[in-house]
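Subject: Structure handover

Hello,

Here is the structure I promised to pass on. My notes follow below it.

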Amino acid sequence: MKFGDYCKDKALLLLFNGAALLALSVFLALLGNQKTAIFLIGLVWILVAAGYLLADYFLRRNYFRELDQVLSELDQRYLIAEVMKPGHRLADRLYWEILRKSNKSVIEKIHQMEDSQKEYKEYVESWIHEVKTPITAAKLICENHKDEDTKRVLAELDEIENQVEKILYSARMEQVWKDYRIHPVSLRQTVLSAISAQKRHLRQSGISIDLDMEETLVSTDEKWVEFILKQIFSNSMKYKRQTNAVIRIYTRPGERQKSLVIEDNGWGIPREDVGRIFQKGFTGKNGRREGSHATGMGLYLCKRLCDKLGIGISCESEAGAYTRMILTFPDSDHNKLSGSLPKKESCKNER
């Protein structure tokens, strides 16, 4: 609180005191008092008023500074009325009581919304587990009656399962800590698992996988990383080139970190869109092309999950040439796993 602002707030009181002092001086002069006496009385009046105003200013300033400090230390700032001191003035106590009642109403409303949101998330998770049963049954039927049509149906069922997973991970995003376990994970095996989960869709899309990475340990949760990789693969398939489409997967070593690079030779991303691809609902120019069916949720979920897991995610791209998604795992263990597979492997999908 600035002294100038305080004086502006007390302008009416200052004007009243000035008018009263002027009236008293005139009255004393009419009674025949000496000018020296009138001056001394006026000086005492001014000193007393100034002393009161200065003392009140410092008390108010300290009070609001203390409130501001308490507010800055609160994680949930709407609870300020529960921890603040009511103050020594009647107006302060009345304001405190009004604020406390208002905050109580806000807290009750927040609890109602949290309960409602919790029930909805529980319903979504329950629905996801229920819907997986008919998907699995349909896959088994197709596996037992394989032909060209059922192969296409299986690929579409994989895509449906991927979309269902998006809903599940989105519902669990705010409580990732309940469903993940950070431990040493084979990055290469996690990549192979994600490729295997998408193999039918990759094969149907006609995309080849060029895997060039060593067996390396990173500290993360393989299930969540696999989901992130599948979303990146899905984007690569969605924006692939018509011929000779390929996804290259390799690692970049760094000091106290390891970067996993997923690079495709598809449409690429326009320069003006690269900085916005992780925004919720953003589809960009590519997403508005005919037949892309983009929702702008895949990379948004990837970014949110990476933030939760402490993984860096970035993108390098050139329109019409390539898109390179980079996952950076900090404080990774660079020691090679014993019995690692050959460094270079090319996974060609059957057309």
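Helices (H or I, at least four residues) and strands (E, at least two) are DSSP runs, numbered from the N terminus. This is a predicted model: local features need pLDDT of at least 70, side-chain atom pairs count only at pLDDT 80 or more, and totals for chains, interfaces and linings use all residues. Residues are numbered from 1 along each chain as its sequence is written, and side-chain values use heavy atoms, with hydrogens and water left out.

Two single residues to start.

Asn244 sits in the loop between H9 and S4. Its phi is positive, about 55°, although Asn244 is not a glycine. With 61% relative accessibility, Asn244 counts as exposed (buried is under 20% relative accessible area, exposed over 50%, partly exposed in between; 1.4 Å probe, protein chains only).

Met113 belongs to helix H5 (residues 90-144). Met113 counts as exposed too, because its relative accessibility is 54%. Its C-alpha atom is separated by 37 Å from that of Ala197, 84 residues apart along the chain.

Now the cores. A nonpolar core here is a set of buried Ala, Val, Leu, Ile, Met, Phe, Trp, Tyr and Cys residues joined through side-chain atoms within 4.5 Å. The largest one has 42 residues. Leu229, Phe233, Ile249, Leu260, Ile262 and Leu327 touch the most other members. At least two residues each come from helices H7 (187-197), H9 (222-238) and H12 (298-309), and from strands S2 (208-212), S4 (246-254), S5 (257-264), S6 (312-318) and S7 (322-330). H9 gives the most, eight residues. A second, separate core has seven residues, including Ile128, Val131, Val164 and Leu168. In soluble globular proteins, nonpolar side chains tend to be buried together.

Leu327 deserves a look on screen. Leaving out residues up to four places away in sequence, Leu327 touches Ile228, Leu229, Ile232, Lys258, Ser259, Leu260, Ile262, Cys306, Ile311, Gly312 and Ile313 (contact means heavy atoms within 4.5 Å).

Axes are lines fitted to C-alpha atoms, for helices over the stretch in contact, and angles run from 0 to 180 degrees between N-to-C directions. Under 35 degrees counts as roughly parallel, over 145 as roughly antiparallel, 65 to 115 as roughly perpendicular, and the rest as oblique.

H7 and H9: the axes come within 9 Å and cross at roughly 50°. The two are therefore oblique to each other. The crossing is right-handed (the near helix is turned clockwise from the far one by less than a right angle; anticlockwise is left-handed). Among the residues in contact are Val191 and Ile195 of H7, and Leu229 and Phe233 of H9. Seven are nonpolar, two polar and three charged (Ala, Val, Leu, Ile, Met, Phe, Trp, Tyr, Cys and Pro count as nonpolar, Asp, Glu, Lys and Arg as charged, the others, Gly among them, as polar).

H2 (residues 11-30) and H3 (residues 35-73): the axes come within 10 Å and cross at roughly 165°. That makes H2 roughly antiparallel to H3. This contact includes Leu21 and Leu24 of H2, and Trp45 and Ile46 of H3. By class, 13 residues are nonpolar, three polar and none charged.

H6 (residues 148-172) and H9: the axes come within 11 Å and cross at roughly 130°. H6 is thus oblique to H9. The crossing of H6 and H9 is left-handed.

Best wishes
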